[in-house]
There are 2 protein chains.
Amino acid sequence: MARPTIGHLDSAFLRMMDEIRSMLRVVFRTENELTLPISGTGSAGMEACLTNLIEPGDEVLVLENGLFGARMADIVQRCRGELRTLRAPWGEGFGQEQVETALQGKKTKIVALVHAETSTGYRQDVPAIARVAHDHGALLVLDAVTSLGGIPVELDEWGVDAAYSGTQKCLGCPPGLAPISFGPRAETVLASRRTKPASWYLDLSMVRRYWNEERVYHHTAPINALYGLHEALRIVAVEGLEARWKRHEEAGDRFARGIEEMGLEMLVAPAHRLPQLNSVRIPEGKRDETIRKAMLDGHGIEIGGGLGELKGKIWRVGLMGSAAQPEVVDRVLTALGMTLR
Amino acid sequence: MARPTIGHLDSAFLRMMDEIRSMLRVVFRTENELTLPISGTGSAGMEACLTNLIEPGDEVLVLENGLFGARMADIVQRCRGELRTLRAPWGEGFGQEQVETALQGKKTKIVALVHAETSTGYRQDVPAIARVAHDHGALLVLDAVTSLGGIPVELDEWGVDAAYSGTQKCLGCPPGLAPISFGPRAETVLASRRTKPASWYLDLSMVRRYWNEERVYHHTAPINALYGLHEALRIVAVEGLEARWKRHEEAGDRFARGIEEMGLEMLVAPAHRLPQLNSVRIPEGKRDETIRKAMLDGHGIEIGGGLGELKGKIWRVGLMGSAAQPEVVDRVLTALGMTLR
């Protein structure tokens, strides 16, 4: 990212853009033509997916089990979609039957789901929900912000119609860009829009024409951030996606085992734990902020606090990208043990 | 920007955010509390200003004399504002009387104006238009993308109500962020909104609560891009804003003189030329792309082509930030002379 900034239509940069798109298809496990990074953080990716697919009056079912589902619901309303929400307690998720019931007898255009809920550490089963959505003629929009590059994300195999992610989670890149991917059913929806999306900046009908061979200027690409993404994706390719998933899985298992050996408790049930985002219940009598400050100041380790209804109730320990290593896990566990003593 | 990424709520980062806000107030010449960088490029700043100020049905007058005025008009419609457009030929601008006439007898909420039209090189007089807008009870929204840091921008003295810019022009920073500033009248409009803005990502009622002392999480800040902006603003402060303006003015004058000595013609009349964005009419019989490619391949100098109705008719030569130097001007002129021979 410290390399000299070149022009956004420089031929060297155009080559780099094509490589970024190819590598994004590899990590998303898709052949979707419309796969590119949005010039904003993960939340801009969320907004890009929803604002391009929703037109006023469209029925959208949001599955909400944490902060990021709630954010989707807010955006649906701003797009003037007709919002329906199916809620699960924070730290839990959704079964096929529940979603089936919520869709029965309704005309739903989109089902929106969070794969890896960063606010709780819950890992949602996706293929079953995708099947139910399709059975009812709805598209599945997937939040893959915290999952992409850390646990399996299989857009084509699962039948995900549109997905977005961020760069600063398991892709191990600084924040600032949001990879997105749209499949054939979502493309059909884009092509048949009757109104322009509310956002000019995120309008994919224009953004895509800069990223494809037309190279029509839309906005100036964030050149140096894209150098970073290119390099991060190259590092993922060198490691191999499956090896990277395995490394995350092992780091998370080791962490959860260590936490339980310390007599602490994980928030999420084993089958639905994210290895890259570990929610630990704060033990009785321990002050949330005191401990987190001592971890940061005394050990140089930043752990996240709870968000929303879990504020003050959990710590969130990220083991993403280069942090998903046994040495890192052991260092965090040791530091936490010392701090809690 | 190559420094390690730290957390977006790390105390060291929060200090850096406060310094960025202070330095942005210096370059915008304002005491506006609501002054911060939007996490997107200049066009995201444009959309942030308009989407936060416009509610459905609001009357907006866009002064359009180039590509970026046209972009504003598009965004106004997506915000469901009632668009009125006053047009001037590309390469020309607007006088007080014209705007006066366009506002007479109408209820206008916003007048939107481009200070430095990047597509033509036209420098628009701002204070006179601001006065007329205020006389008719309208706010003035200013596009300062290409002007900020290069020529005088005086938000408070001129009475500009909301302005946006980009980082990659005269601030001499990589692209990716959009500094914005909202004054007291614009703040009143924000406070009295009846509906939420169409964009969640750009909703200033939330974005500002992360940038002020509340530190409420909205989206993950693009940490490394903000390191870059902090350093760019520090460099501006060390040079001094007036010295920087003078340096740009002198570089632009030197370039225009050189162009005319070569027998070529500038697009814009002297009184309204931007020193940082020089539009040169392509001489008869010269192929636009051939010359630009020869400049890039043979001399390592990238010059811009014309946009919109000026495509194939002008070259746009940027002399921004560290490029606004006599040595650079002479090198461009020499290379262009050699290429055209």
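# Notebook: two chains and how they meet

**Entry 1, the contact between the chains.** I began where the chains meet: 32 residues of chain B and 33 residues of chain A take part in the contact. I note here that the model is a predicted one. Which elements give two or more residues to chain B's side of this contact? I found helix H2 (42-53), helix H3 (67-78) and helix H9 (223-239) of chain B. The top contributor on that side is H2(B), with four residues. I then sorted chain B's side by class and got 13 nonpolar, 13 polar and six charged residues.

**Entry 2, do the copies use matching surfaces.** I looked up how the two sides of the contact compare. Of the interface residues of chain B, 100% are also interface residues in chain A, so the copies meet through the same surface.

I picked Tyr201(B) to follow up. I located Tyr201(B) in the loop between helix H7 (184-191) and helix H8 (204-211) of chain B. Is Tyr201(B) buried or exposed? I counted 34 C-beta neighbours inside 10 Å, and since 20 or more make a residue buried, Tyr201(B) counts as buried. Which residues does Tyr201(B) touch, leaving out those up to four places away in sequence? My list reads Gly40(A), Ser43(A), Ala44(A), Glu47(A) and His219(B). I also checked Ile38(B), which lies 163 residues from Tyr201(B) along the chain, and the two C-alpha atoms are separated by 9.4 Å.

I counted 12 helices and 12 strands in chain A. Its radius of gyration is 20 Å, close to the 20 Å from the globule rule for 341 residues, so chain A is as compact as a globular protein of that length. I wrote down the spans of the C-alpha trace of chain A along its principal axes, about 60 × 55 × 30 Å. Of the 341 residues in chain A, 51% count as buried. I also looked at contacts in chain A between residues at least 6 apart in sequence: 69% of these join residues at least 24 apart.

I finished with an open sheet of three strands in chain B, in the order E10-E12-E11 with antiparallel pairing. Which strands of this sheet are at the edges? They are strand E10 (277-281) and strand E11 (304-305) of chain B, each pairing on one side only. I traced the pairing of E10(B) with strand E12 (residues 314-318) of chain B: the strands run antiparallel and five bridges join them. For one example I looked up Ser279(B), whose bridge partner in E12(B) is Arg316(B).

Terms used:
Residues are numbered from 1 along each chain as its sequence is written. Chains are lettered from A and ligands numbered from 1 in the order in which they are written. This is a predicted model: local features need pLDDT of at least 70, side-chain atom pairs count only at pLDDT 80 or more; totals for chains, interfaces and linings use all residues. Two strands pair if DSSP finds at least two bridges between them. Two residues are in contact if their C-beta atoms, placed from the backbone, lie within 7 Å. Ala, Val, Leu, Ile, Met, Phe, Trp, Tyr, Cys and Pro count as nonpolar, Asp, Glu, Lys and Arg as charged, and the others, Gly among them, as polar. The radius of gyration is taken over C-alpha atoms; the globule rule is 2.2 Å times the number of residues to the power 0.38. A residue is buried if 20 or more other C-beta atoms lie within 10 Å of its own, exposed if 12 or fewer, and partly exposed in between; C-beta atoms are placed from the backbone.
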